[in-house]
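Me: I am new to this structure and would be grateful for a close look at a single part of it.

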Amino acid sequence: MTDIATYNFAYLDEQTKRMIRRAILKGIAIPGYQVPFASREMPMPYGWGTGGVQVTASIIGPDDVLKVIDQGADDTTNAVSIRAFFKKVANVAVTTDTASATIIQTRHRIPEHPLTAGQVLVYQVPIPEPLRFLEPRETETRKMHALEEYGLMHVKLYEDIAKHGRIATTYAYPVKVEGRYVMDPSPTPKFDNPKMHRSPALQLFGAGREKRIYAVPPFTDVVSLDFEDHPFEVQTFDQPCALCAAENVYLDEVILDDHGGHMFVCSDTDHCEKRRQEGHRGHLAPEIHLASEKMEPAR
Amino acid sequence: MTDEPLLRVSALSKFYGSRVGCDNVSFDLWPGEVLAVVGESGSGKTTLLNCLSTRLLPSSGTASYRMRDGQFRELYRMSEAERRFLMRTDWGFVHQNPADGLRMTVSAGANVGERLMAVGDRHYGKIRATAVDWLSRVEIEEDRIDDEPRAFSGGMRQRLQIARNLVTGPRLVFMDEPTGGLDVSVQARLLDLLRGLVTDLGLAAIVVTHDLAVARLLSQRMMVMKDGRVVESGLTDRVLDDPRAPYTQLLVSSILQV
């Protein structure tokens with residue numbers, strides 16, 4: 001287990017890390033622009049976060065505290081594995097606490113707890129090109145970005161309204177960064193889009209299979225595209241979290257049985273646990289028994 | 001009408017290696033004028049059209065276009081951004097195969113609205129109202145607005161392509177065999193529609209066709225091409241009724257009489 005000496009710090013060799021850092025710096029210099037980089041093979045399949053892992057490996061230092069979330073949760077396979085990976089190859093401290101993490105690698109959520117200056121959010125991106133499903137040619141989409149021809153993006157939103165009566169895109173909702181580049185915020189729910197706007201944290205995006213890195217520097221304008229008569233809106237939920245009673249957070253539906261029973265709970269597990277520790281209770285939260293004599297419920 | 005041409009073409013040539021695409025073509029096109037370019041396949045008419053619409057860069061020669069501010073601009077010296085902007089605002093290009101000019105996987109309304117959104121229109125209601133208006137002008141029923149062009153007949157697709165091109169009020173439209181592949185009754189209605197639109201909107205157009213009947217119906221002036229060169233040009237009626245070049249005589253006499 002302690003064969004850490006056989007790996008370079010944070011798995012990648014120093015030359016590769018320099019190459020990726022150059023791409024990151026270029027991405028920060030041109031907010032929203034997709035920088036090509038020489039993505040490496042990682043010890044995990046494409047689609048499992050190879051881009052995010054390479055970005056994290058290139059920026060992480062011995063003093064960093066790493067948090068990894070997958071759909072908001074710290075305890076799913078992907079999150080646990082990546083956390084264990086960096087613990088092993090970089091020997092860094094890991095946490096599930098949003099506030100104390102310096103690097104947060106995420107798959108498809110932005111934590112509910114507001115991010116602060118000095119934190120870095122690393123997104124795992126499957127398809128970095130927001131125009132891809134409308135225009136399959138890479139040569140053409142790069143030209144469209146270069147010439148700022150973004151009419152096509154609105155064609156997609158138009159189609160949504162024509163078909164569904166409203167903009168039905170709920171995730172990977174396109175945004176315009178600093179008034180210039182249209183960017184795919186990775187498949188985060190559009191609920192999280194407003195959190196990107198003028199965020200004090202640095203946001204880095206890595207797409208391993210597609211070999212692209214892009215970035216949103218702190219305090220950068222990130223505006224969701226919309227129509228004047230159909231403005232951008234985030235999802236709303238009818239009920240609070242069933243476990244911690246939080247409102248105005250993003251909820252996951254959890255199936256409870258095979259009779260149609262279900263509940264809505266926070267997708268951000270760290271946020272939910274913190275609230276329960278503070279004593280918030282949702283209507284399906286398990287009873288807590290502070291006094292030891294009440295520990296065993298009658299069966 | 002002004003006394004200045006809209007487009008000035010001078011000594012335009014395009015070579016594919018040692019092969020000739022088109023050779024030393026010069027002409028002026030005035031606002032509101034429809035020019036037909038006819039000739040057999042391989043005569044260079046599509047090459048000429050692609051060069052004029054800047055889809056191809058010529059080997060030599062110049063073409064100047066009078067912009068809306070009245071200034072002539074050399075087409076091949078413009079930046080790509082300017083050319084593409086011209087292409088989706090002041091120009092239109094009607095392809096022979098509508099699938100080349102339409103987005104087949106988005107609705108008819110979005111096809112018509114795309115150009116409006118490309119120039120910054122951000123009001124769904126207004127875009128949709130304009131799309132409805134243009135669909136009715138090209139005789140497509142309003143209730144087909146949310147259907148994809150895949151569900152349209154060949155004639156409807158071609159009419160949709162025309163609406164998509166004309167929605168930004170262009171001044172110059174390039175057409176490559178606009179009635180190719182359509183049966184005669186559909187062709188006749190399309191030609192009727194095109195003739196009406198061209199007259200109503202005062203469009204200038206360059207129509208490439210091998211069909212002399214289309215040229216006669218649509219155009220005021222025509223150029224006959226053979227092996228990349230213009231062998232004869234003049235008023236359409238004059239060229240068709242009194243062809244002078246031997247090749248034009250052959251072409252005119254080859255029309256099937258029913």
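This is a predicted model: local features need pLDDT of at least 70, side-chain atom pairs count only at pLDDT 80 or more; totals for chains, interfaces and linings use all residues.

Which residue is the bridge partner of B:Leu12 in β2(B)? Please describe the surroundings of that pair as well.

Reply: The bridge partner of B:Leu12 is B:Val25, which belongs to β2(B).

Strand β1 of chain B covers residues 7-16, and strand β2 of chain B covers residues 19-29. These two strands run antiparallel to each other and are joined by seven bridges. Together they form a hairpin with two residues between the strands. In this hairpin B:Gly17 adopts a positive phi, near 65°.

Strand β1(B) has a further partner, strand β4 of chain B, which spans residues 60-66. That pairing is also antiparallel and comprises five bridges. Within it, B:Ser10 is placed opposite B:Thr62 of β4(B).

The wider setting may be taken from a record. An unreviewed UniProt entry lists residues 7-252 of chain B under "domain: ABC transporter". Over residues 7-252, chain B is 40% helix and 26% strand.

Notes:
Residues are numbered from 1 along each chain as its sequence is written. Chains are lettered from A and ligands numbered from 1 in the order in which they are written. Side-chain values use heavy atoms; hydrogens and water are left out. UniProt positions are given in the numbering used here, feature names are shortened, and annotations may be inferred rather than shown by experiment. Helices (H or I, at least four residues) and strands (E, at least two) are DSSP runs, numbered from the N terminus. Two strands pair if DSSP finds at least two bridges between them.
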